[in-house]
Amino acid sequence: MASPPDQGGTTPRSGLTRVLDAFAHGDPEELLSLDRLLGGLGRSAFGMFLFVAILPGFIPIPGAGGVVSGPLVMLIGLQLVAGLAQPWLPRFVGRRGPRRHTLNRFRARIAPWLARLEHLVRPRLQGLAGNRAANVLTGLLLLVLGLLLALPIPMTNYIFAGLLLLFALALLERDGALLLGLWLVSAATIAGMALVSGELAQLLGEWIGRLRRA
């Protein structure tokens, strides 16, 4: 989602920044439904949907936010794999969303990072950001990352939510170069988690075996 240069030759504001700015003012207690947040964004709505979906994932309690965020991320992944042009929201999901004060608080927390990313994230290699095979690969990775985020694995919330935040930016801005990097990092992260989980399962099995023999 390209953004025109600001007046005065300053750096263009990212699509996410502009969307968040548009919803920043008003009653802090107002519920901003997903139907409203995604309206008019077209295919870039997948990026905004993903951004809103991962907000609970930044709660620093293993499993607490992931229980909400994980299934939503997996829903987005399934829709990308299925080749939908825009997100489909069940009615009970579309009516829900963050309160304005929650969105603004998170916006303030990530503002320094967004300011840096605005210099890097832009429409590039858009063939990678929009073709069918790329969407399938992105969707499959979101399915696995969403599942991992939903699991109560200590000290992993921010890792998975951070990766998914970058996916949201890449989808919003149609940044194929960022997507390519995220595919590689996500694949390595998933492989690492599988290796660690396998080793932990083996150690746990050996420990249980020793307890039984004792």
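Visitor: Thr189: buried or exposed?
Guide: Thr189 counts as buried, because its relative accessibility is 19%. Buried means under 20% relative accessible area, exposed means over 50%, and partly exposed is in between (1.4 Å probe, protein chains only).

Visitor: Before we go on, what kind of model is this?
Guide: This is a predicted model, where local features need pLDDT of at least 70, side-chain atom pairs count only at pLDDT 80 or more, and totals for chains, interfaces and linings use all residues. Residues are numbered from 1 along each chain as its sequence is written, and side-chain values use heavy atoms, with hydrogens and water left out.

Visitor: Where does Thr189 lie?
Guide: Thr189 lies in helix H10, residues 176–213. Helices (H or I, at least four residues) and strands (E, at least two) are DSSP runs, numbered from the N terminus.

Visitor: And what is Thr189 in contact with?
Guide: Phe160 and Leu163, leaving aside neighbours within four places in sequence. Contact means heavy atoms within 4.5 Å.

Visitor: Which helix meets H8, and through which residues of each?
Guide: H9 does. On the H8 side, the contact is made by Thr138, Leu141, Leu142, Leu145, Leu148 and Leu149. On the H9 side are Asn157, Phe160, Ala161, Leu163, Leu164 and Phe167. By class, that contact has 10 nonpolar, 2 polar and no charged residues. Here Ala, Val, Leu, Ile, Met, Phe, Trp, Tyr, Cys and Pro count as nonpolar, Asp, Glu, Lys and Arg as charged, and the others, Gly among them, as polar.

Visitor: At what angle do the axes of H8 and H9 cross?
Guide: Roughly 155°, and the axes come within 10 Å. Axes are lines fitted to C-alpha atoms, for helices over the stretch in contact, and angles run from 0 to 180 degrees between N-to-C directions. H8 and H9 are therefore roughly antiparallel to each other. Angles under 35 degrees count as roughly parallel, over 145 as roughly antiparallel, 65 to 115 as roughly perpendicular and the rest as oblique.

Visitor: Let's switch to H3. How many of its residues are buried?
Guide: In H3 (residues 45–53), 9 of 9 residues are buried. Among them are Phe46, Met48 and Phe51.

Visitor: How do the axes of H3 and H9 cross?
Guide: At roughly 160°, coming within 7 Å. That makes H3 roughly antiparallel to H9.

Visitor: Who meets whom in H3 and H9?
Guide: H3 brings Phe46, Gly47, Met48, Leu50 and Phe51. H9 brings Leu164, Leu165, Phe167, Ala168, Leu171 and Leu172. The classes are 10 nonpolar, 1 polar and no charged residues.

Visitor: Now the loops. Where is Glu30?
Guide: Glu30 lies in the loop between helix H1 (15–22) and helix H2 (34–38). Glu30 is partly exposed, with a relative accessible area of 27%.

Visitor: What does Glu30 touch?
Guide: Arg36, Pro98, Arg99 and Arg100, not counting residues up to four places away in sequence. Also, the C-alpha atoms of Glu30 and Thr102 are separated by 10.0 Å, and these residues are 72 apart along the chain.

Visitor: What about Ser33, buried or exposed?
Guide: Ser33 lies in the loop between H1 and H2. Ser33 counts as buried, at 17% relative accessibility.

Visitor: Last one. How many helices and strands are there in the chain?
Guide: There are 10 helices and 0 strands. Buried residues make up 43% of the 214 residues.
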